[in-house]
Amino acid sequence: MDITARSPKVMYAGKALQKFDAIIPRVASSGEAAYGAAIVRQFEMMGSYSMNASQAIVRSGDKLRSLQLLSRKNVDLPKTGFAHNLLGKDDVIKLVGGPPLVIKLLQGSQGAGVVLAPTQKAAEAVISAFQQLHANFLVQEFVAEAEGHDIRAFVVGGKVVAAMERSAPPGDFRSNLHRGGSAKKIKLSKHEREVAKAAAKAMNLNIAGVDLIRAKRGPLVLEVNSSPGLEGIENATKVDVAEKIIEFVEKKVA
């Protein structure tokens, strides 16, 4: 990147890229997220329209920050706790309601770094192990009535364009397709659609994969992804989600 004042450029193979009308960021929520967002920011400085803004990508890539933003906008979440040191271990377990608990690394994706702790001792052991590795994590209630199912609602431009229900493989509670889960098309209730749209709006994302679970008290948002995968939801729903994205970008740029 050439970040010189008044003439910012994105370089590729030694040459400056032309100015584009629009870009569609595909930035994974991993260690490369900060760099990916910086590239998006550079295109924004050049005057290109970005489907998802760089700041929104950074926010959604930080699980703790994104949950705080969702909570601030009154989007319902599973009961969630965070502790920075070993002294808060018992307090955060008690805060969430005791085992079974779900413990998530802040930097995990596609189901990696997510552990189900069925007992108090298991929860303490997992928390201690993560803290000794200086890893930041969240502790969440385990919603048993979800029974290993969750919902991915794909939001484009403030509308839910497709939705699928994902089911965990036998012996697992994580429903991610990358973990061997299965998926099928599902019809959302009006309330579930409104929750998905509210979550995307709270994160200021035009493209968002909103993950929900059905709890007794209503739909709960697990996560909001700024670069949700297309293959799984297109195969499950037969909706051309990519076309929906392109149509939205065309309208915005026009």
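Is Asp150 buried or exposed? In this predicted model, Asp150 is buried, with a relative accessible area of 8%, which falls under the 20% limit that defines a buried residue. Asp150 is also one of four residues, together with Arg152, Arg166 and Asp211, that are linked in a network of salt bridges.

- The model contains an open sheet of five strands, which follow one another in the order E11-E10-E9-E12-E13 and pair in an antiparallel way.
- Strand E11, made of residues 182-185, and strand E13, made of residues 218-225, are the edge strands, and each of them pairs on one side only.
- Neighbouring strands of this sheet are turned against each other by 30 degrees on average, when direction is ignored.
- In general, the strands of a sheet pair through backbone hydrogen bonds, and this pairing may be parallel or antiparallel.
- Strand E12, which covers residues 207-215, runs antiparallel to E13 and is joined to it by seven bridges.
- To follow this pairing in the structure, one can look at Gly209, whose bridge partner in E13 is Asn225.

**Helices on the sheet**

- Helix H6, formed by residues 190-202, lies across strand E9 (149-156), strand E10 (159-167), E12 and E13, and it runs at about 135 degrees to E12.
- Helix H8, formed by residues 241-253, packs on the sheet and touches E9, E10 and E12, while its direction makes about 30 degrees with that of E9.

**Salt bridges between strands**

- The count of salt bridges comes to seven.
- One of them joins Asp150 to Arg166, with the closest N and O atoms 2.9 Å apart.
- Because Asp150 lies in strand E9 and Arg166 in strand E10, this pair ties together parts that are 16 residues apart in sequence.
- Arg166 is buried, with a relative accessible area of 5%.
- Arg152 forms a salt bridge with Asp211, and here the closest N and O atoms are 2.5 Å apart.
- Since Arg152 belongs to strand E9 and Asp211 to strand E12, the pair ties together parts that are 59 residues apart in sequence, and both Arg152 and Asp211 are buried.
- Asp211 also forms a salt bridge with Arg166, the closest N and O atoms being 3.2 Å apart.
- Asp211 is found in strand E12 and Arg166 in strand E10, so this pair ties together parts that are 45 residues apart in sequence.

Methods. Residues numbered from 1 in each chain as written. Predicted model: local features only at pLDDT ≥ 70, side-chain atom pairs only at ≥ 80, totals over all residues. Heavy atoms only, no water. Pairing = 2+ DSSP bridges. Helix = DSSP H or I, 4+ residues; strand = E, 2+ residues; numbered from the N terminus. Axes fitted to C-alpha atoms, helices over the stretch in contact; angles between N-to-C directions. Contact = heavy atoms within 4.5 Å. Salt bridge = Lys/Arg side-chain N within 4 Å of Asp/Glu carboxyl O. Buried < 20%, exposed > 50% of the residue type's maximum accessible area, 1.4 Å probe, protein only.
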